[in-house]
Every structure is written in C-alpha cells, then in structure tokens.
Amino acid sequence: MQTTNSLLYLIIYVLFFGFSWWCKINGIHRLINDDGSFTRKPLGLICSHVIGIIWFGIIPLIHMKHSVLQVLTNSIMPNSFVIVLFFFLFILIVTIAFNQSKKAYEKTPDCHKSFIHLSSQFFIFYFIMRALFLFSYELWFRGLLLFDCIRWFGIPLAVFINVSLYFLIHILIDKKEALACIPFGLLVCFFSIFFNSAWPAILMHIGFSWAYELNFYRLNLINSKTAQL
C-alpha cells in the first residue's frame, strides 16, 4: 500500500510540475502578470485551475481512498496558546497580502488599462475556482502527502520533503515567491500537524490569495470607474 501511494504521489507531483512549467511558458499561471496587468488568457487560466482541482483533489481521493472529511475534521484541539497564535498569524498574513497588493498596484499606475477586457463575471468565477483549487492543493500537500509522509518517515523528514516540493513548484514562477514559500510552507505544516488536519493550511492559503488578488482587483475597479468619470 505504501509503495502504491508513494508512486501515485510521485506521478501526480511530476506531471503537475511539468504542467505548471507549461502554464508559465504560455502565460496562464496567474491572474496578475509581472507588469501589474491582468491575464490576457482568462479561459486558459480558468482551465488550468480546473485541471489542478481534478489533479490534486479528485484523482488522489479516488485512487488513494482517503476520506476528505477525515483529512479535514480529524482535528486535535491544541492548547489555547496555539489557537490564539494561529488566528493572530492568519490575520497578520492577510494584512501582509493586503499591503503587498496595494504596493504592487501603486507601482503600476496604468495597469487598469488591461482591466477593461475582463468582465465582472469572469472575476467572480475566477475567485471561486481559485478557492477550490487552493482547497484541493492544500488538501493534497498539507493533508494527504504530509500525513502519509509522517507515517512513513516521521515529522522532521516529512516536513522537509513537503516544503522542498512546495518550493520547487513555485521556483518555476518566481524566485522571490519561491523563497517566501519556505517560511510559509513551514508555517502551514506546523499548524496542520498541531491540529492534525489540513484545514489550517487551506484557510491560510485561501486567505492570503484572496486578500492579495481581491484587493488588487478592487483597486483596479475603483481606478477604472474614476477614469470613466
């Protein structure tokens, strides 16, 4: 069983690694481009998220026969200090993402010009798909993979493997982003282990992503409306 699951983990990771590289080359890997403009390939971006949801969510759960509820609700209630620390860091991460998006927007004052061709329906659908993708992504990384590795190798090596694989996926996109993945990966692994569940990682990742991208979208929307007056 261990050999079968470890082989499936390897296949899923390697193929998604290649798919992420292909998305980077074709410019469908993120909503906001390096120049501050929004994606010019919205359909490709949505499709890449759908593939990610299927690849990280549906396929592993079918073949590994893990229960989603067990991975999400098999929680251990830690002491009050850890609980308070989690919510404090969650608020801090969301605040940092909010401020970073504001700084990124201020560096690209003309990026709202690329905003016009994307409809509000696209953004609504994108943010829903983004949340579902990150749910599947963290369910796989900090749920299935992390806890199976803990059973096989112990906590230290499992965390090292998890953060290393997480780093390698992101180095395809941006080196600074990849470096930021090291402390973030350690943080979400830490809380997932303490709570014995993937939900802390899911909440933190969706919170950071939404805070950054939704605020960037909001600033563009405000600027777009102001420009039309």
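Start with helix α1, residues 2-25: at 1.5 Å a residue its 24 residues should span 34 Å, and the end C-alpha atoms are 35 Å apart, which agrees. The expected span here is 1.5 Å times one less than the number of residues. Helices are DSSP runs of H or I of at least four residues, numbered from the N terminus.

Some housekeeping. This is a predicted model, where local features need pLDDT of at least 70 and side-chain atom pairs count only at pLDDT 80 or more, while totals for chains, interfaces and linings use all residues. Residues are numbered from 1 along each chain as its sequence is written, and side-chain values use heavy atoms, with hydrogens and water left out.

Back to α1. Its buried residues are Asn-5, Leu-8, Tyr-9, Ile-12, Tyr-13, Phe-16, Phe-19, Ser-20 and Cys-23. Buried means under 20% relative accessible area, exposed means over 50%, and partly exposed is in between, with a 1.4 Å probe and protein chains only. Just after α1, Gly-27 has a positive phi of about 70°.

Next, α5. It has 34 residues and reaches 47 Å from first C-alpha to last, close to the 50 Å expected at 1.5 Å a residue. Where is its kink centred? On Leu-146, with a kink of about 30°; the bend at a residue is the angle between axes fitted to the seven residues ending there and the seven starting there. Of the 34 residues of α5, 24 are buried, so the helix is largely enclosed by the rest of the structure. Just after α5, Gly-154 takes a positive phi of about 95°.

α5 (residues 120-153) packs against α6 (residues 155-171) at an angle of about 145°, with axes 7 Å apart. Axes are lines fitted to C-alpha atoms, for helices over the stretch in contact, and angles run from 0 to 180 degrees between N-to-C directions. The contact (heavy atoms within 4.5 Å) includes Phe-141, Leu-145 and Leu-146 of α5 and Ile-161 and Leu-165 of α6.

Now Val-68, which sits in helix α3, residues 68-73. Val-68 is partly exposed, at a relative accessible area of 29%. Leaving aside residues up to four places away in sequence, Val-68 touches Leu-61, Phe-135 and Leu-139. Its C-alpha lies 9.2 Å from that of Gly-143, 75 residues away along the chain.

Last, Asn-196, in the loop between α7 (175-195) and α8 (199-228). Most residues other than glycine have a negative phi. Asn-196 is not a glycine, yet has a positive phi of about 55°.

Definitions and conventions:
Helix = DSSP H or I, 4+ residues; strand = E, 2+ residues; numbered from the N terminus.
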